[in-house]
Amino acid sequence: MEKRVLIAGFGGQGVLLMGQLLSKAGMRENLEVCWMPSYGPEMRGGEANCGVVIADEPIGSPLVTEPDVAILMNRPSLDKFEPIIAPGGTLLYNSSLIDAEPARTDIMVYDVPCNDIAVKLGNARVANMVMLGAFNALAGLVSMESLLDALRETLGKGKERLIPINQQALAAGAESVA
Amino acid sequence: MAKLLMKGNEAIAESAIRSGCRFFFGYPITPQNQIPEYMSKRMPQIGGTFLQAESEVSAINMVYGASGSGARVMTSSSGPGISLKQEGISYLAGAQLPCVIVNIMRGGPGLGSIQPSQGDYFQSTRGGGHGDYRVPVLAPSSVSEAVSLTQRAFDLADQYRTPVILLGDGMIGQMMEPVDLPDQPDQPAAPSAPSKPWAATGWDGSRPRSIINSLYIDPSALERHNTMLQDKFAEIAKNEVAYSSEHTDDADLIIIAYGTVARIARSAIRAARASGIKVGMIRPITLWPFPSEPIARAARTAKAFLTVEMSAGQMVDDARLAVGGLKPVYFYGRTGGMVPAVRDVLARIKEAV
């Protein structure tokens, strides 16, 4: 098993964090993981993306050039990355912010209104966790418990109060694609 | 200890600290900035010294000073900054001072780009500065190997009284992978540094004066010094070659690749093997000394070699010297911060067999 996941959006949407949580969760399940960000003169509102490779054997290339799954959080990401998804792959897109329909017919496509769901939960900033919940429900790469553990580890004691809302977001995301 | 998910740059910095490094001098440049950033936070916590110098030239000379007084010391930079450090590296080699220099390579020449590259292979493996010298060059291909090679770099530096270069690229610096860090965190003194009787630690009359110097005005004295250095380099070349072989026994084609590119090559090899093509890999872990002998041995059975690099063709020279014209050595490379894709490497494999 080797899954190559690309996560892209605006800087500030938490796409790098989504990838890190997924990696940490995979690590907790003794899978091989590798997280690779785009880097450069980045800024809030600019483009951000990361690739995550999760496998049960040592990982070769750390680059995700032909993703099995693409998680696209904004319109520029859809334009840029929809064409490179592996045939037979999966696309999840944030339909709250993306008004276009993906054109590919050789892939599985799921629309997740991340921001709308997050706002309903009372915190627009957990849109990324909604998407992560949707992704993991579909991909089944790691358990919800591992994701939550990774989240607890990442937030630390100082931000422990944010666990419940993030947990709700993960669950709501999973439910949206059920 | 539980595994941690760490960025290559941060893992190198933490590993240096756990190897007893208590002095870090540097100047910012992408894509290695997390090394000084991490050091600036950690060094004060453990009684070490972090100093952002006014330039790379200044930083490498601070390394000279700290090393001359017997400390375990490190600096880090990327291509343009490493070029500025070359005068100091030559002095360090001449004065036989141990230190670790991390180069997280980016596209060049000139200011180039900030994306990954392996264009500093010649500079690293041929000494880089003026005069007759070489320094050991270690090339990690994963974050966990970056941790172990950082430790190894400090040990080699002390053992042979030489600067050692840890040569990575923007990918290894920026990516996160699980790491097992060596124990002995936060010890105040250098835990594994051997004693250094040659260090200038203040003369009390009880031993000969320690003089840190690379100037020998008398040519015959300098020649003797050079002969001694060359003997040392020969010793390093004899004892310290490190490489890994994968699927070479039955291979018709052997890929030679190092660092992150070896990872990409490994993916291509898996795909090639799945379609019945017998490909293997020799991955140099030390670039100098280069694993010439295992490559020469493999040349007896393999039909051809292919070096894959993020350069216009640098390591391929060493591969050809090792193969000695016995078999063809092909080359595939990308430059400027562009990274070879698995499918392109696979296409080259198919062309070569």
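Trainee: Which residue in β14(B) stands opposite B:E309?

Mentor: B:G333 does. Keep in mind that this is a predicted model.

Trainee: How many bridges join β13 of chain B to β14(B), and which way do the two strands run?

Mentor: There are 5 bridges, and the strands run parallel. Strand β13 of chain B covers residues 304-309.

Trainee: What sheet are they in, and in what order do the strands come?

Mentor: An open sheet of 5 strands in chain B, ordered β9-β11-β10-β13-β14, with mixed pairing.

Trainee: Which strands are at the edges?

Mentor: β9 (243-246) and β14 (329-333) of chain B, each of which pairs on one side only. Ignoring direction, neighbouring strands of the sheet are turned by 20 degrees against each other on average.

Trainee: Which strands of the sheet does α9 of chain B touch?

Mentor: Helix α9, residues 259-274 of chain B, packs on the sheet and touches β10 (253-256), β11 (279-284) and β13 of that chain. The direction of α9 makes about 165 degrees with that of β11(B).

Trainee: And α11 of chain B, what does that touch on the sheet?

Mentor: Helix α11, residues 315-323, touches β10, β13 and β14 of chain B. The angle between its direction and that of β13(B) is about 160 degrees.

Trainee: Which residues of α11(B) are buried?

Mentor: B:M315, B:V316, B:D318, B:A319, B:A322 and B:V323.

Trainee: Where do those fall, seen down the axis of α11(B)?

Mentor: The buried residues of α11(B) fall within an arc of 160 degrees, so they line one face of the helix.

Trainee: What do the buried residues of α11(B) pack against?

Mentor: Their partners in chain B are α5 (121-125), β10, α10 (292-298), β13 and β14.

Trainee: What follows α11(B)?

Mentor: B:G324, with a positive phi near 65 degrees.

Trainee: Which residue follows α1(B), and what is its phi?

Mentor: B:G20 follows α1(B), and its phi is positive, near 100 degrees.

Trainee: On to chain A. How many helices and strands does chain A have?

Mentor: Chain A has 6 helices and 6 strands. Along the sequence the pattern reads β-α-β-β-β-α-β-β-α-α-α-α.

Trainee: What share of chain A counts as buried?

Mentor: 49% of its 178 residues. As for contacts in chain A between residues at least 6 apart in sequence, 58% join residues at least 24 apart.

Trainee: How many residues does each chain put into the contact between A and B?

Mentor: Chain A gives 16 residues and chain B gives 19. On the chain A side, the elements giving two or more residues are α1 (15-28) and β2 (32-37).

Trainee: Which element of chain A gives the most?

Mentor: β2(A), with 5 residues.

Trainee: And by class, what is on the side of chain A that touches chain B?

Mentor: That side has 9 nonpolar, 6 polar and 1 charged residues.

Notes: Residues are numbered from 1 along each chain as its sequence is written. Chains are lettered from A and ligands numbered from 1 in the order in which they are written. This is a predicted model: local features need pLDDT of at least 70, side-chain atom pairs count only at pLDDT 80 or more; totals for chains, interfaces and linings use all residues. Helices (H or I, at least four residues) and strands (E, at least two) are DSSP runs, numbered from the N terminus. A residue is buried if 20 or more other C-beta atoms lie within 10 Å of its own, exposed if 12 or fewer, and partly exposed in between; C-beta atoms are placed from the backbone. Two residues are in contact if their C-beta atoms, placed from the backbone, lie within 7 Å. Ala, Val, Leu, Ile, Met, Phe, Trp, Tyr, Cys and Pro count as nonpolar, Asp, Glu, Lys and Arg as charged, and the others, Gly among them, as polar. Two strands pair if DSSP finds at least two bridges between them. Axes are lines fitted to C-alpha atoms, for helices over the stretch in contact, and angles run from 0 to 180 degrees between N-to-C directions. The arc is that of the directions from the helix axis to the C-beta atoms.
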